[in-house]
Amino acid sequence: MNRLAQTALLFLLGATLLHAGTTDLYLRYVKEGLRPLVLLAGAVLIVTAAATLWYDRRGTTTHGGGDSTHGGGTSTHGGGDSTHDGGTSTPDGGTPTPDPCTPTPEPCTSTPDGSTPTHDHHREPRVSWLLTLPVLALILVAPPALGSYSAAHTGTALTEPFGFPALPAGDAPLRLAVADYAGRAIYDDGRALRDRELRITGFVTLDREGAPYLVRMGLNCCAADAQPVKIALTGNVPPVLRPDTWLEITGTYTPRRTKDPVNDGPIPYLEVTTARPVPTPHDPYDETWNS
């Protein structure tokens with residue numbers, strides 16, 4: 001991989017980050033609040049690629065003319081006092097003793113046509129081309145958001161929040177995030193949820209026994225640390241549920257609880273009144289996670 005290819009790779013990666021940051025693609029990798037950093041990283045890579053190309057062209061122009069120790073000017077291999085041509089001879093005509101103050105010259109070998117040899121540059125290992133694979137993966141493959149498989153094999157990550165802000169009053173269905181409902185149901189005993197009609201959106205996952213859960217994955221930083229928060233469903237649950245189906249559940253609070261079969265974490269129940277399929281939301285991860 002030569003310098004020009006490295007520059008092209010930097011530019012391509014920067015352009016990919018800018019494309020991801022200006023569309024919804026970045027939400028598959030990091031949380032929504034990190035969008036400015038994604039755009040900044042893309043801009044820095046593009047500027048770095050441009051600077052690398054400029055310095056490389058400038059260096060090529062500089063080495064192409066003027067005095068050069070390899071091409072022209074005074075040669076250290078051809079004439080003058082040189083340890084290749086002679087040196088200080090001993091009185092008996094034996095092998096001359098090199099002067100310790102004279103620097104040792106580089107070995108000089110002539111080419112078959114008698115021209116001045118050129119110094120070969122080190123080649124970068126071909127394995128460095130594997131660096132292009134992550135870039136191509138970002139461009140060609142947009143991975144789906146983590147879904148039911150990850151949720152079924154990961155224990156609920158519900159933690160007690162620092163407090164519970166007041167909920168808006170009214171008779172209309174109260175829209176809550178999965179983590180908000182679960183936290184209030186477990187750690188506040190559902191005080192603000194009682195006698196309220198609730199509306200919650202998440203995707204479906206099933207445990208080993210086929211019990212349905214409404215889940216939302218939350219991010220601390222990026223998709224690599226995503227963890228689920230789960231709500232068990234009871235009541236008027238649809239008879240057939242497919243994993244990864246997004247549902248908008250309308251229901252009410254119930255004090256019933258269970259434990260996550262993966263890590264024994266607490267999981268509240270929701271009494272389902274109605275359930276309807278909905279499209280995957282703009283941000284598939286829980287927007288209230290660690291807020």
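Which residues make a nonpolar surface patch of about 290 Å²? Leu-37, Leu-40 and Val-44 do. For patches we take residues with over 30% relative accessible area and no salt bridge, joining like charges within 9 Å and nonpolar side chains (Val, Leu, Ile, Met, Phe, Trp, Tyr) within 5 Å. A salt bridge here is a side-chain nitrogen of Lys or Arg within 4 Å of a carboxyl oxygen of Asp or Glu, and areas are Shrake-Rupley with a 1.4 Å probe, only the protein chains shown counting as cover for residues.

Quick housekeeping. This is a predicted model, so local features need pLDDT of at least 70 and side-chain atom pairs pLDDT 80 or more, while totals for chains, interfaces and linings use all residues. Numbering runs from 1 along each chain as its sequence is written, and side-chain values use heavy atoms, without hydrogens and water.

Back to Val-44: it sits in helix 2, residues 35-64. Helices (H or I, at least four residues) and strands (E, at least two) are DSSP runs numbered from the N terminus. At 44% relative accessible area, Val-44 is partly exposed, that is, between buried (under 20%) and exposed (over 50%), with a 1.4 Å probe and protein chains only.

Now the inside. The largest nonpolar core has 23 residues, and Leu-176, Tyr-181, Leu-198, Ile-200, Leu-214, Ile-231 and Leu-270 touch the most other members. Core means buried Ala, Val, Leu, Ile, Met, Phe, Trp, Tyr and Cys joined through side-chain atoms within 4.5 Å. Elements giving at least two residues each include strand 1 (174-176), helix 5 (178-187) and strand 6 (266-277). Helix 5 has the largest share, with 6 residues. A second, separate core of 13 residues includes Ala-151, Tyr-213, Ala-232 and Tyr-269.

Look at Ile-231 too: beyond four places in sequence, its partners include Val-178, Tyr-181, Pro-212 and Leu-270. Contact is heavy atoms within 4.5 Å.

So is Thr-156 buried or exposed? Buried, because its relative accessible area is 8%. Thr-156 is in the loop between helix 4 (148-152) and strand 1, and among its contacts beyond four places in sequence are Pro-228, Lys-230, Asp-260 and Ile-267.

Thr-280, in the segment after strand 6, counts as exposed at 53%. Its C-alpha is 9.8 Å from that of Ala-145, 135 residues away in sequence.

Last, confidence. Mean pLDDT (the predictor's confidence in each residue, 0 to 100) is 76 for the chain, with 69% of residues at 70 or more. Residues 66-89 are below 50, yet this stretch has 18 contacts in the model beyond near neighbours in sequence. Where pLDDT is low, predicted coordinates should not be read in detail.
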